[in-house]
Amino acid sequence: ADVRPRQSTLNSDVTIKNYSNAANKNIVVLQEVMDKENRVVAQTTKDYLLKGSGSIVISNRNIVVNKPVLWSVENPYLYKIKTTIRLDNKTVDELITDFGFRTVNWRTPGNQFYLNGKPVFINGVAEYEHLLGQSHAFSHEQIQSRVKWLQAAGFNAFRDGHQPHNLLYGKLFNEKGILWWTQLSAHVWYDTPEFKSNFKKLLKQWVIERRNDPAVVLWGLQNESKMPKA
């Protein structure tokens, strides 16, 4: 039986910045949702006014995809959304972003983790992105090897310990169906306005970098957080 939802609505936020000092510019923003076979399954086009040396956040809440294939551990199905910016009938920028449809529920009667309405047993590891002489400077080959080791050992989940890891980790988790508990360290805390302001800035950047990853099922602020309760 086909257990896919009848349709899903994609919420899209696009930040566009005008790096020139030119006066107001009329731009066209085209967004196309493509399935695994690169077939366009939904699209939207809108006109916007971009002011000189300014930026805007375009929010689109009505991109509907019919009968989407859900991302899961067994079938990590990924869609793509291609965002194209056109000015004077010419493409001036384009970005393709992978994403997936899925639901996550931690508040179930049996305190089980549910993915797409079904219980999933989380069997994972925590990894410090450290290596003597390299620290966080892993090569892509090293990261790919570590993810292969994780799967070869039978694990289906990964926890950043305790800093945000290289974004290649997330790309591989999305592709391979590995559940991801990403973390931003709060082990050091200075109760000053400057530190709080910078921490909030880094927190926002961390979320924006990973918000499209279907593998993310938990957001964590370290296991020894020094953040004040208020």
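The protein chain has three helices and 13 strands. Helices and strands here are DSSP runs, numbered from the N terminus: helices are H or I with at least four residues, strands are E with at least two. This is a predicted model, so a word on rules: local features need pLDDT of at least 70, side-chain atom pairs count only at pLDDT 80 or more, and totals for chains, interfaces and linings use all residues. Residues are numbered from 1 along each chain as its sequence is written, and side-chain values use heavy atoms, with hydrogens and water left out.

Overall dimensions next. The C-alpha trace spans about 55 × 55 × 40 Å along its principal axes. Of the 230 residues, 37% count as buried. Buried means under 20% relative accessible area, exposed means over 50%, and partly exposed is in between, with a 1.4 Å probe and protein chains only.

Now the empty space. Rolling a probe the size of a water molecule over the atoms shows where such space is left. The search runs on a 1 Å grid over the protein atoms alone. A cavity is a set of points where a 1.4 Å probe fits but cannot get out. A pocket is an open set with protein on both sides within 12 Å along at least five of seven lines. Lining residues have an atom within 4 Å of a point. Points are joined across faces, edges and corners, and a volume is the space filled by probe spheres set on the points.

The largest pocket holds about 960 Å³. Its lining has 34 residues, and the closest to the centre are Asp-13, Val-14, Thr-15, Leu-95 and Arg-211. Which elements each supply at least two lining residues? They are β1 (7-17), β2 (25-34), β4 (55-66), β5 (79-87), β6 (90-99) and α3 (193-210). β1 gives the most, nine residues. By type, the pocket lining divides into 15 nonpolar, ten polar and nine charged.

On to cavities. One cavity of 30 Å³ or more turns up. The largest cavity holds about 40 Å³. Val-29, Gln-31, Thr-44, Thr-45, Lys-46, Tyr-48, Ile-58 and Asn-60 line it. β2, β3 and β4 are the elements that give two or more of those residues. β3 has the largest share, with four. The cavity lining divides into three nonpolar, four polar and one charged.

Next, the backbone. Where is the cis peptide bond? It runs from Gly-161 to His-162, with omega near -15°. His-162 lies in the loop between β11 (157-161) and α2 (167-176).

Two residues other than glycine have positive phi: Asn-38, near 65°, and Asp-88, near 55°. Asn-38 is in the loop between β2 and β3 (40-50). Asp-88 is in the loop between β5 and β6. Buried, partly exposed or exposed? Asn-38 counts as partly exposed because its relative accessibility is 47%. Asp-88 is at 65%, so it counts as exposed.

Last, the surface. Val-104, Trp-106 and Ile-122 make a nonpolar patch of about 220 Å². Ile-122 lies in the loop between β9 (118-119) and β10 (124-128). It is partly exposed, because its relative accessibility is 34%. Patch residues need over 30% relative accessible area and no salt bridge; nonpolar side chains (Val, Leu, Ile, Met, Phe, Trp, Tyr) are joined within 5 Å, like charges within 9 Å. A salt bridge is a side-chain nitrogen of Lys or Arg within 4 Å of a carboxyl oxygen of Asp or Glu. Accessible areas come from the Shrake-Rupley method with a 1.4 Å probe, and for residues only the protein chains shown count as cover.

How values were computed. Ala, Val, Leu, Ile, Met, Phe, Trp, Tyr, Cys and Pro count as nonpolar, Asp, Glu, Lys and Arg as charged, and the others, Gly among them, as polar.
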